[in-house]
Amino acid sequence: MLIDNFINLQNNSVDTARGGNKKCFLFDDYALLHGNFKETDLKQQIIIGNKLKNDGVNICPILEYRIDGPIDNFGYVSGYTLQPRAIGDCLYRHNMQITEYKKRLKQIAQMDLKFLDKFISDWFAITNSGLMIDPSKCENFFYSDNGICFIDLNVKHRVYPLKTAFTEIISVLTGLGLIYRGTDVNDCMQIIKNTSRLFWARGLVLTDIRDIISHRFDTVLTDKQIDLIIGTLTTENKTDNRSVISLQNTGMDITGR
Ligand SMILES: Nc1ncnc2c1ncn2[C@@H]1O[C@H](COP(=O)(O)OP(=O)(O)OP(=O)(O)O)[C@@H](O)[C@H]1O
Ligand SMILES: [Mg+2]
């Protein structure tokens, strides 16, 4: 099996990336991860992940796994998983330089609605499939000009309202806590505005959009700036926004509800 070659290759070498739980060994086209897993979850994740990938969702599915330890009292075993290596670099890093942060914020602000809508529709495809995204770290999303790729997925079904998705997506796209470290407000507003347009077209009501923006960005944006964002939405034609969405979501439940 392919995974055995990579386990042999990484033997005695130092991990090349690391998360809170897993060690990661990066190769040209593959990422080998070592951590603790539930075998039943891994089996399910392989099936769901590969189906999503075949459907065109931008994720790195688990291809193979190898157990290398006994099962513990909670049902976890230590072992390796092999995934395709994500293209690009993580969306934001929690300790990135402010100049680097602003550069990435600008890149996201300049992306067209189709780019953002692909990210949002992939997000719903994943959460509707029985996999869970971890939105608590921007390192779990890889950015390239061609799109945003999801890594670090787990098996879990949960009820996932549109409001929660909107909160998590605007937070991730603007760099979570980094936003407070001196922000380019125009870029931040542009990202929030574009994301709001797409959620509004998906059925999220304006009062919810306003509440979430006010709550999430209260130290970044003034009430006037938030009014401006909501104001542009109300003067726009919802049908135009819907047409962006329909380009991407053939046969999918676009509301994500
Ligand atoms: N498929 C991949 N392609 C490229 N890099 C990857 C891939 N999978 C993991 N990595 C790198 O390894 C790091 C850790 O992986 P992952 O996020 O899956 O582990 P984790 O320990 O669960 O993370 P967390 O800190 O979010 O709990 C990632 O942040 C990323 O830098
Ligand atoms: Mg992670």
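Reader: Which residue in E9 is the bridge partner of phenylalanine 141?

Author: The partner of phenylalanine 141 is phenylalanine 150 in E9, where strands are DSSP runs of E of at least two residues and helices are runs of H or I of at least four, numbered from the N terminus. Before we go on, please keep in mind that this is a predicted model, in which local features need pLDDT of at least 70 and side-chain atom pairs count only at pLDDT 80 or more, while totals for chains, interfaces and linings use all residues. Residues are numbered from 1 along each chain as its sequence is written, and chains are lettered from A and ligands numbered from 1 in the order in which they are written.

Reader: How many bridges join E8 to E9, and how do they run?

Author: Strand E8, residues 141-144, is joined to E9 by 4 bridges, and the two run antiparallel; strands count as paired if DSSP finds at least two bridges between them. Tyrosine 143 has isoleucine 148 of E9 as its bridge partner, and E8 and E9 form a hairpin with 2 residues between them.

Reader: What is the order of the strands in the sheet?

Author: The order is E6-E8-E9, an open sheet of 3 strands with antiparallel pairing. Strand E6 (89-90) and strand E9 (147-150) stand at the edges with a single partner strand each, so one side of each is left without a neighbour in the sheet. E6 pairs with E8 over 2 bridges in the antiparallel sense, and cysteine 90 has phenylalanine 142 in E8 as its bridge partner.

Reader: Changing topic, which residues are closest to ligand 1?

Author: The closest are Gly19, Gly20, Cys24, Ala31 and Asp152, within a shell of 21 residues, each counted if its C-beta atom, placed from the backbone, lies within 6 Å of the ligand. Strand E1 (17-18), strand E2 (23-26) and strand E3 (30-37) are the elements that give two or more residues to that shell.

Reader: What classes of residue make up the shell around ligand 1?

Author: There are 9 nonpolar, 5 polar and 7 charged residues in it, taking Ala, Val, Leu, Ile, Met, Phe, Trp, Tyr, Cys and Pro as nonpolar, Asp, Glu, Lys and Arg as charged, and the others, Gly among them, as polar. Domain 1 (2-84) and domain 2 (89-248) each supply at least three residues of the shell, with domain bounds that come from an automatic or database domain assignment.

Reader: How far apart are the C-alpha centres of domain 1 and domain 2?

Author: Those centres lie 28 Å apart. The contact between the domains takes 12 residues from domain 1 and 16 residues from domain 2, where two residues are in contact if their C-beta atoms, placed from the backbone, lie within 7 Å.

Reader: And is leucine 105 buried or exposed?

Author: Leucine 105 is buried, because 23 other C-beta atoms lie within 10 Å; the cut-offs are 20 or more such atoms within 10 Å for buried, 12 or fewer for exposed, and partly exposed in between, with C-beta atoms placed from the backbone. Leucine 105 is found in helix H3, residues 98-110.

Reader: What does leucine 105 touch?

Author: Leaving out residues up to four places away in sequence, leucine 105 touches Thr174, Gly175, Asp184, Asp187 and Cys188. The C-alpha atoms of leucine 105 and glycine 175 are separated by 7.9 Å, although these residues are 70 residues apart along the chain.
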